[in-house]
Each structure stands twice: as structure tokens, then as C-alpha cells.
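The following exercises are to be worked through with the sequence and the coordinates at hand. Each task is followed by a solution in steps.

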Amino acid sequence: MLGREIILGSIFEKIENKPGLLMLSGGIVSAVMLACLKDMKTELQAVFFGYRSSKNMDRRSAERLANYYGVDLKIVDLNGVYGSLPIE
């Protein structure tokens, strides 16, 4: 498909039909990547990282996308870790 080739460019042939991990934020970019990877019949695992400033809306969107595309979604809660990290 032309759209897939435009988005993934030269890596298209290298990742087709290979397992992958996608950070699914619930936004448009990760949603498009999910659609492209599923179109390539890639075995896919998705992960959503929740932290203080992430919105519940983003998590719900990630869950809906994963459900729609039949992808297992792991939720990683970084709230305890994120607050203890030094931020410069």
C-alpha cells in the first residue's frame, strides 16, 4: 500500500511480518503506526506509559485503539517512579 510505504519508508521491508513493540500514546501518530503495523500482519504488543501529566483520555484512547485492532495492551504506571526521578 502506498500510504504504508510513505509513512514507514525504507524500514517497511525490514519489519514486515516480524514481532514488534509499539508505545501507544493514544495520539494520532501512534494510532497511524498501529494501523500500519497491523496492516503488515506484524505480531504486535502495545504498551501505554501512565504518569502524572498523562491524561485519562489518552489512556482510554489507547485502550480503544488496542481493542479495535486486537492488540494486547500493557499499562505501565510510572507515577511512583516518575516523581522520584531528577528532572533538569
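**Exercise 1.** Across which strands does helix α4 lie, and at about what angle does helix α4 run to β3?

Solution. The model is predicted, so local features need pLDDT of at least 70 and side-chain atom pairs count only at pLDDT 80 or more, while totals for chains, interfaces and linings use all residues. Residues are numbered from 1 along each chain as its sequence is written, and side-chain values use heavy atoms, without hydrogens and water. Helix α4 (residues 56-69) lies across β2 and β3 and runs at about 160° to β3. Helices (H or I, at least four residues) and strands (E, at least two) are DSSP runs numbered from the N terminus, and angles, from 0 to 180 degrees, are taken between N-to-C directions of axes fitted to C-alpha atoms, for helices over the stretch in contact, where contact means heavy atoms within 4.5 Å. Helix α3 (residues 28-39), in turn, lies across β1 and β2, at about 160° to β1.

**Exercise 2.** Determine the strand order and the edges of the sheet.

Solution. The three strands form an open sheet in the order β1-β2-β3, with parallel pairing, which requires at least two DSSP bridges between two strands. Because β1 (20-23) and β3 (72-77) each have a single partner strand, they stand at the edges, and one side of each is left without a neighbour in the sheet. Strand β2 (residues 44-50) pairs with β3 over six bridges, and Ala-46 has Leu-73 as its bridge partner in β3.

**Exercise 3.** List the residues that Leu-34 contacts beyond its neighbours within four places in sequence.

Solution. These residues are Leu-22, Leu-24, Leu-44, Leu-65, Ala-66, Tyr-69 and Val-71.
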